[in-house]
Amino acid sequence: MSAFYNGIVKENRELIHMAQEIFKRTEKKYLLSAQQYRAFLAALEPFAKRDRYFESDIMSLYYDTADYRLIRASIEKPVFKEKIRLRSYGVPRSADDVFLEIKRKYKGVVYKRRSVMPLLRAAGFSETAQDTQIEKEHSRCFDFYEGLAPRMLITYKRHAYTALSDPELRITFDSELLFRDYDLRLEKGIYGRNLLPHGERIMEIKIAGAMPLWLAGLLDELKIYPASYSKYGTAYLTLLSEKALGLNKITA
């Protein structure tokens, strides 16, 4: 009886954990000039507040094949695409928790599945036993994509807001985007080359349902329109251009 009970408890804990680590939402991106950013932020004040995680330094280590199969497919804008990355908030130490994520997009809807684990374990994830269903799904990606390994590290500073009328609606502003395709370890810190012109921001609106009228009105009034922008894609295309000029050794 005790063994049976323990099994049920373990299963329920895993289901709860999965519910917290699975996300489904729509994400809209916008490229803002410094002037648009200031104007939008001022107009946003009556409708939103600072998120509990208002300011953070985000580090994303993207995994890909040796021929960059995932990002090449993503750039072609297919109906379905996915990215695999290791993310931390701030520069982690070996015992700090990081997030191993699969980010999929299908017909404009984003599905994200992630596992939390210490950096030391994440670094050798493909060679360790997996405990949860999501970890096993991550492991299948490593089996499916031959040669999957860290290929690009992108960092940026994020400011996040939450709508007063809907806590599920988040608006984030990313700046100070840096990238590098060497020294691909999160614990090596935040440095690299710039991806965005000075003063520009990437704004993302993350919402589970329809966009509220007040937000649509602000965007229309300030003439802010959706933009197709991928941080990893932009970094990859930058390196690809440099390769064409003989400035970089990226394989593509």
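This is a predicted model: local features need pLDDT of at least 70, side-chain atom pairs count only at pLDDT 80 or more; totals for chains, interfaces and linings use all residues.
Figure 1. Strand β6 spans residues 149-163, and because twelve of its 15 residues are buried, it is largely enclosed by the rest of the structure.

**Figure 2. The salt bridge between Lys 157 and Glu 55.** The side chains of these two residues meet in a salt bridge, with a distance of 3.9 Å from N to O. The pair links distant parts of the chain, since Lys 157 lies in strand β6 and Glu 55 in strand β2, 102 residues apart. Lys 157 has a relative accessibility of 18% and counts as buried, because buried means under 20% relative accessible area. In the structure as a whole there are 21 salt bridges.

Figure 3. Lys 231 forms a salt bridge with Glu 204, and the closest N and O atoms of the two are 3.3 Å apart. This pair, too, links distant parts of the chain, with Lys 231 in helix α7 and Glu 204 in strand β9 (residues 201-207), 27 residues apart. Both partners are buried: the relative accessible area is 6% for Lys 231 and 3% for Glu 204.

**Figure 4. The salt bridge between Glu 187 and Arg 185.** The side chains of Glu 187 and Arg 185 meet in a salt bridge, where the distance from N to O is 2.8 Å. Glu 187 is partly exposed, with a relative accessible area of 33%, and Arg 185 is likewise partly exposed, with a value of 45%.

**Figure 5. The hairpin of strands β4 and β5.** Strand β4 (residues 97-106) and strand β5 (residues 109-118) pair in the antiparallel sense over ten bridges, and Ile 102 stands opposite Arg 113 of β5. Two residues lie between the strands of this hairpin, and Lys 107 in the turn has a positive phi of about 50°. Strand β5 also contains Tyr 111, which is partly exposed, with a relative accessible area of 32%. Together with Val 79, Phe 80 and Tyr 106, Tyr 111 makes a nonpolar surface patch of about 380 Å².

Figure 6. In helix α2 (residues 34-44), the residues Tyr 37, Phe 40 and Leu 44 are buried. Seen down the axis of α2, the buried residues fall within an arc of 75°, so they line one face of the helix. An α-helix has 3.6 residues a turn, so residues three or four places apart point the same way. The face of α2 turned away from the buried side carries the exposed residues Gln 35, Arg 38 and Ala 42.

Figure 7. Most residues other than glycine have a negative phi. Tyr 68, however, has a positive phi near 60°, and its place is in the loop between β2 and α3 (69-75). Lys 223 has a positive phi near 55° and is found in the loop between α6 (213-221) and α7 (231-244).

**Figure 8. Phe 142 of helix α5 and Tyr 63.** Phe 142 is found in helix α5 (residues 133-144) and is buried, with a relative accessible area of 15%. The C-alpha atoms of Phe 142 and Tyr 63 are separated by 9.5 Å, while the two residues are 79 residues apart along the chain. For the chain as a whole, 68% of the contacts between residues at least 6 apart in sequence join residues at least 24 apart, and 45% of the 252 residues count as buried.

Terms used. Residues are numbered from 1 along each chain as its sequence is written. Side-chain values use heavy atoms; hydrogens and water are left out. Buried means under 20% relative accessible area, exposed over 50%, partly exposed in between (1.4 Å probe, protein chains only). Helices (H or I, at least four residues) and strands (E, at least two) are DSSP runs, numbered from the N terminus. Two strands pair if DSSP finds at least two bridges between them. The arc is that of the directions from the helix axis to the C-beta atoms. Patches are made of residues with over 30% relative accessible area and no salt bridge: like charges are joined within 9 Å, nonpolar side chains (Val, Leu, Ile, Met, Phe, Trp, Tyr) within 5 Å. Accessible areas come from the Shrake-Rupley method with a 1.4 Å probe; for residues, only the protein chains shown count as cover. A salt bridge is a side-chain nitrogen of Lys or Arg within 4 Å of a carboxyl oxygen of Asp or Glu. Contact means heavy atoms within 4.5 Å.
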